[in-house]
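The following exercises are to be worked with the sequence and the three-dimensional model at hand. Each task is followed by a solution in steps.

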Amino acid sequence: MARIKTQYKCRSCGYISASYLGRCPNCGAWNQFEKETQEVQKRSAKVAPSQLIKKTGLNEPVNLDKIKAEKEERIETESEELNRVLGGGIVPGSLVLIGGDPGIGKSTLMLQIMSDLSKKYKVLYVSGEESANQIKLRADRLGVGQSQMLLYPETDMHDIRDQIDDVKPDFVVIDSIQTMNEPSLDSMTGSASQVREVTSELMKIAKMDAITVFVIGHVTKEGAIAGPKILEHMVDTVLYFEGDEHHSYRILHSVKNRFGAANEIGMFEMENEGLKEVTNPSSIFLDQRLPKSTGSAVVVSLEGTRPLLAEIQALVTPTAFGYAKRTTSGIDYNRAALLLAVLEKRGNLMLQNQDVYLTATGGIRLNEPAIDVAAIMAVASSYTDKEISPTDCFIGEVGLTGEIRRVNKVDSRIKEAAKVGFERIFIPKHNMSKKLTDFGIEVIPVSSVSQALKLVFG
Ligand code: TYD
Ligand code: MG
């Protein structure tokens, strides 16, 4: 579909303006602007299915049982954490979106991973945010300044496409999607339609030329408008890089993955020389626990397929102004309110006139229901001022009648707790089976909140 674009060009210096001007702002000449019309070919926004079919070698419907599926090839990076988050390495020809707040470390992560890959593969790093000089300085700081990666500071998608055709890289990084501009569209760089168009262009590049493309996207403060959210359905894999500015820990989190499990996490620590992998995250979340303190309980939470020990802290203090306040961080507010109500009704704790603060330490977010029992124990410990043995940990979901409900993957959770050195783990009674007793940790099945409270606090 062709579209006519009108512009005005200065005869003396070639300056182009969208509207007629009396005086050229560039060379200062008067009455030099003349009208020009251009036919703009609008590119189709979607990957033509026929082209995908060509790639797979099929051009008509085929019986599923006649298709010989080859196992996906994977390229492993030197970062174990990234490999796991991607489901066992990078799938060639995939389009991966890395989202996150500005300044969280997305460019740093990509620079480190890509300079490692550039030892064996051709890598093109397109930056619309920083100059080649800035990137070089950062690369030197990260100790990867000597790598063979190709740097290309550019924002025009036509030029980028041309360079990709010329260079024929194995990997392309686009840093960031919000700075890229598809010139055949009128809309502003960074707008929703631009971001979508550029992404579909990159999808074509990835699928047709079997180039792996990493796209960096900033999550915008105004609620992710024109941010990675609107692209999630278009790309193969969506990773979010999270963490808060006050902690040096960063969590890479897969939200969607066409080639592996979603919700997988990888942990990194931001240091002066860049991101370092954290291989035993459980010990990090636990190493700052105070001995003999009340209001702390440990949970074995599952992030993707990975069990992780995390500490939940609660502080219960009498309400000063009549209206009891509840504050949470890293734990869902409504979930916490529900648990407090259950604790009040089924555990006979008077919490109506108590302010309750509940946090998951270390900046991690605990979203699964299996953390319920630990949250309840932390609150009860603070309320009763009785400590929980530092070698106890908890898993279990809590229902409204005070029952403790089954959770998934108990065995891997118990194994992790035993590995980190815990001595007792409380699990839902319905999860109990004989084989769970062989992991070198005492397993205590509990069926209700009141029973668990009795066992722990007497
Ligand atoms: P950056 O990768 O530029 O973030 P993004 O691309 O997500 O916007 O990371 C910038 C932050 O990381 C900046 O605040 C400085 C910090 N940083 C370090 O602490 N150590 C380092 O080695 C590097 C390169 C950055
Ligand atoms: Mg950046």
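**Exercise 1.** Classify Leu-150 as buried, partly exposed or exposed, and state in which strand Leu-150 is found.

*Solution.* Step 1: the model is a predicted one, and in it Leu-150 has a relative accessibility of 35%. Step 2: the buried class lies under 20% and the exposed class over 50%, with partly exposed in between. Leu-150 therefore counts as partly exposed, at 35%. Step 3: the residue belongs to strand 6. Step 4: a distance places Leu-150 relative to another part of the chain; its C-alpha atom is separated by 29 Å from that of Ser-193, and the two residues are 43 apart along the chain.

**Exercise 2.** Determine the strand order of the open sheet formed by nine strands, and explain why one side of strand 6 and of strand 12 is left without a neighbour in the sheet.

*Solution.* Step 1: the nine strands follow the order 6-5-7-8-4-9-10-11-12, and their pairing is mixed. Step 2: strand 6 (150–153) and strand 12 (274–277) stand at the edges; each has a single partner strand, so one side of each lacks a neighbour in the sheet. Step 3: from one strand to the next, the twist averages 25°. Step 4: one pair within the sheet can be examined in detail. Strand 9 (residues 237–242) and strand 10 (residues 249–257) run antiparallel and are joined by six bridges. Leu-239 stands opposite Ser-254 of strand 10.

**Exercise 3.** Describe the surroundings of ligand 1: which residues come nearest, which polar side-chain atom lies 2.6 Å from an oxygen atom of the ligand, and how much of the accessible area of the ligand does the protein cover?

*Solution.* Step 1: there are 17 residues around ligand 1, of which Gly-103, Lys-106, Ser-107, Thr-108 and Glu-271 come nearest. Step 2: the polar contacts are then listed.

- A polar atom of the Ser-107 side chain is 2.6 Å from an oxygen atom of ligand 1.
- A polar backbone atom of Glu-271 is 2.7 Å from a nitrogen atom of ligand 1.
- A polar backbone atom of Asn-272 is 2.9 Å from an oxygen atom of ligand 1.

Step 1: on its own, ligand 1 has 550 Å² of accessible area, and the protein covers 75% of this. Step 4: the shell is assigned to secondary structure. At least two residues each come from helix 3 (106–117), helix 4 (132–141) and strand 11 (265–271); helix 3 gives the most, with three residues. Step 5: sorted by class, the shell holds four nonpolar, seven polar and six charged residues.

**Exercise 4.** Are Ser-200 and Cys-393 buried or exposed, and which polar contact does the side chain of Ser-200 make?

*Solution.* Step 1: Ser-200 is found in helix 6 (residues 192–209). Its relative accessible area is 4%, so Ser-200 is buried. Step 2: a polar atom of the Ser-200 side chain lies 3.0 Å from the backbone oxygen of Glu-197. Step 3: Cys-393 is placed in strand 17 (residues 392–394), and a relative accessible area of 0% makes Cys-393 buried. Step 4: the C-alpha atom of Cys-393 is separated by 34 Å from that of Gly-274, 119 residues apart along the chain. Step 5: for the protein as a whole, 48% of its 458 residues count as buried.

Technical notes
Residues are numbered from 1 along each chain as its sequence is written. Chains are lettered from A and ligands numbered from 1 in the order in which they are written. This is a predicted model: local features need pLDDT of at least 70, side-chain atom pairs count only at pLDDT 80 or more; totals for chains, interfaces and linings use all residues. Side-chain values use heavy atoms; hydrogens and water are left out. Helices (H or I, at least four residues) and strands (E, at least two) are DSSP runs, numbered from the N terminus. Buried means under 20% relative accessible area, exposed over 50%, partly exposed in between (1.4 Å probe, protein chains only). A polar contact is a pair of N or O atoms within 3.5 Å; within protein, one must be able to donate a hydrogen and the other to accept it, and residues adjacent in sequence count only if both atoms are side-chain atoms. A residue is near a molecule or strand if one of its heavy atoms lies within 4 Å of it. Accessible areas come from the Shrake-Rupley method with a 1.4 Å probe; for residues, only the protein chains shown count as cover. Ala, Val, Leu, Ile, Met, Phe, Trp, Tyr, Cys and Pro count as nonpolar, Asp, Glu, Lys and Arg as charged, and the others, Gly among them, as polar. Two strands pair if DSSP finds at least two bridges between them. Axes are lines fitted to C-alpha atoms, for helices over the stretch in contact, and angles run from 0 to 180 degrees between N-to-C directions.
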